[in-house]
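Thanks for making the time this morning. I would like to walk you through one structure, going from the chain as a whole to a few of its side chains.

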Amino acid sequence: MASSQTQKGITTYSISANRQAPLAGTLHAAIFNTWRRFKGQALYVIPPFAIAYATMNWAIEKNEYYNSKEARIHDAEMAAEATPGGPVRG
């Protein structure tokens with residue numbers, strides 16, 4: 001089969017695949033790349049945040065207890081027991 005020669009005076013244009021669909025596959029790649037990166041960093045990020053959250057929660061509960069009526073009554077009873085001769089009057 002003989003190949004035909006290119007004709008003179010006829011110009012053909014083409015556009016690259018990147019220009020036709022510049023965002024082709026971007027969403028798919030972004031989802032899986034994000035998941036891969038998250039998986040790689042999760043063990044470095046989650047434990048410190050969990051410890052910080054637990055510590056903060058404990059401190060808030062302890063502060064609320066210390067500022068409650070129950071804690072003040074308990075402290076007064078402990079002070080009375082610790083003082084020889086009974087409660088301190090002043």
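This is a predicted model: local features need pLDDT of at least 70, side-chain atom pairs count only at pLDDT 80 or more; totals for chains, interfaces and linings use all residues.

For the chain, the mean pLDDT is 85, and 89% of the residues reach 70 or more. That confidence is lowest in helix α1, residues 17–20, where the mean is 77, and highest in α2, where the mean is 94.

As for the layout, the chain has 3 helices and 0 strands, and reading along the sequence gives the pattern α-α-α.

Which residues make the nonpolar surface patch? The patch, of about 720 Å², is made by Trp35, Phe38, Tyr44, Val45, Ile46 and Phe49. Let me take Phe38 as one of these: Phe38 sits in helix α2, which runs over residues 26–66.

Now to the aromatic rings, where the structure holds 2 pairs. One of them is formed by Tyr65 and Tyr66, whose ring centres are 6.1 Å apart and whose planes meet at 50°, so the pair is tilted. The reasoning here rests on the angle, because planes under 30 degrees apart would count as stacked and those over 60 as edge-to-face.

Are these two tyrosines buried, partly exposed or exposed? Tyr65 is partly exposed, at a relative accessible area of 31%, and Tyr66 is likewise partly exposed, at 47%.

That brings me to the end of what I wanted to show, and I am happy to go back to any part of it.

Terms used:
Residues are numbered from 1 along each chain as its sequence is written. Side-chain values use heavy atoms; hydrogens and water are left out. Patches are made of residues with over 30% relative accessible area and no salt bridge: like charges are joined within 9 Å, nonpolar side chains (Val, Leu, Ile, Met, Phe, Trp, Tyr) within 5 Å. Accessible areas come from the Shrake-Rupley method with a 1.4 Å probe; for residues, only the protein chains shown count as cover. A salt bridge is a side-chain nitrogen of Lys or Arg within 4 Å of a carboxyl oxygen of Asp or Glu. Helices (H or I, at least four residues) and strands (E, at least two) are DSSP runs, numbered from the N terminus. Rings of Phe, Tyr and Trp (its six-membered ring) pair if their centres lie within 6.5 Å; planes under 30 degrees apart count as stacked, over 60 as edge-to-face and the rest as tilted. Buried means under 20% relative accessible area, exposed over 50%, partly exposed in between (1.4 Å probe, protein chains only). pLDDT is the predictor's confidence in each residue, from 0 to 100.
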